[in-house]
Amino acid sequence: MLNFKKMKKVIYIIIVLAFGTSCADKLELSPISNKNIEGFYKTEDQFYQAIMGCYDGVQNAMLKQNFSYMMTESRSDNAWQQVDYDDGITCRFTENAELPVLNAAWANLYNYIARCNYVLGSLSENTELDASIKNQFEGEARFMRALFYFELVRFYGAVPIIDKVISIDEGYTTPKSSVEDVYNFIVSDLKLAADLLPDVEPSANTNRATAIAARGFLGKVYVFRSGYPLNKNEWQLASTELKAVLDGVGEAGFLTNYSDIFNI
């Protein structure tokens, strides 16, 4: 006869197995307590939240994360350091593949690109949003995706072009594209963004991308393509786009006084 302790153990195992089997059949993979992709990207408010996630990527990539300085200004004539901090290797151009900041920049920039791709892929399938709203979100996502690729191609040269949501396995097998192809992709996104976005930022939500901003970066991309390593001599194309920024449209363009930049 089983003793009391053994009997309790047997009953406990039976209950756990039964409960576990029952739960496995009813496991909710998309819990309502957390935001997840199931049922998302449907309403204007949801797309707004998603596009703000893309802007968060811009904020991180251009300002807040360590690579935003270590991979850019620390290597320029604008910076000089007396003590050898973490950016000492990058500012001397003596980095190697084991340097953590190289992985941080790569991983985070592709994370932000994925955010843009989720927005763009979901917009193409959405039939409920007003056309003007869809244009705004698409223009913003393309604008920011171009900025992220602009960073990648200047940091690493040839990189994979990911223009849609892909699986992890696809990520491992996607080959690099040439520097020229990456720049062509950037130009394409910026041109489309300039066509889709308004000249002046929405009054209800300021500091969002505009057509003038897209043309400004397009001009900058033409400047970079005119020099090393492509040497495309696109100075006239750059001049046309940057002249549009100088002239501005309405409240867009350059401010009258340089000091007004800091009023924000």
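Reader: How far is the sulfur of Cys116 from the closest cysteine sulfur, and in which residue is that one?
Author: This is a predicted model, where local features need pLDDT of at least 70, side-chain atom pairs count only at pLDDT 80 or more, and totals for chains, interfaces and linings use all residues. Residues are numbered from 1 along each chain as its sequence is written, and side-chain values use heavy atoms, leaving out hydrogens and water. A disulfide needs a pair of cysteine sulfur atoms within 2.5 Å, so the gap here is too far for a bond: the closest sulfur to that of Cys116 is 3.8 Å away, in Cys54.

Reader: How many disulfides does a search of the whole structure find?
Author: Cys116 and Cys54 don't make one, because their sulfurs are too far apart for a bond. Searching the whole structure gives a count of 0.

Reader: Is Cys116 buried or exposed?
Author: The scale is relative accessible area: under 20% is buried, over 50% is exposed, and in between is partly exposed (1.4 Å probe, protein chains only). Cys91, at 21%, is partly exposed. Cys116 has 0%, so the word for it is buried.

Reader: Which elements cover the buried residues of H2?
Author: Helices here are DSSP runs (H or I, at least four residues), numbered from the N terminus. H2 covers residues 44-64, and its buried residues include Cys54, Phe47 and Tyr55. Going by contact (heavy atoms within 4.5 Å), the cover includes helix H3 (67-70), H5 and H6.

Reader: What distance separates the end C-alpha atoms of H2?
Author: The expected span of a helix is 1.5 Å times one less than its number of residues. With 21 residues, H2 should span 30 Å. The model agrees with that, as the end C-alpha atoms are apart by 28 Å.

Reader: Which class of aromatic pair do Trp106 and Tyr110 form?
Author: Rings of Phe, Tyr and Trp (its six-membered ring) pair if their centres lie within 6.5 Å; planes under 30 degrees apart are stacked, over 60 edge-to-face, and the rest tilted. The structure holds 14 such pairs. For Trp106 and Tyr110, the centres are 5.2 Å apart with 50 degrees between the planes, so by those cut-offs the pair is tilted.

Reader: Which helices does the pair of Tyr112 and Phe148 tie together?
Author: This pair is tilted, with 5.5 Å centre to centre and 45 degrees between the planes. Tyr112 is buried at 3%, and Phe148 is buried at 0%. The two are 36 residues apart in sequence, so the pair ties together H5 and H6 (residues 131-156).

Reader: The charged end of which residue sits over the ring of Phe150?
Author: That label requires NZ of Lys or CZ of Arg within 6 Å of the ring centre and within 35 degrees of the ring normal. The charged end in question is 3.8 Å from the centre of Phe150, and it also sits over the ring of Phe224, 5.0 Å from its centre. The residue is Arg154.
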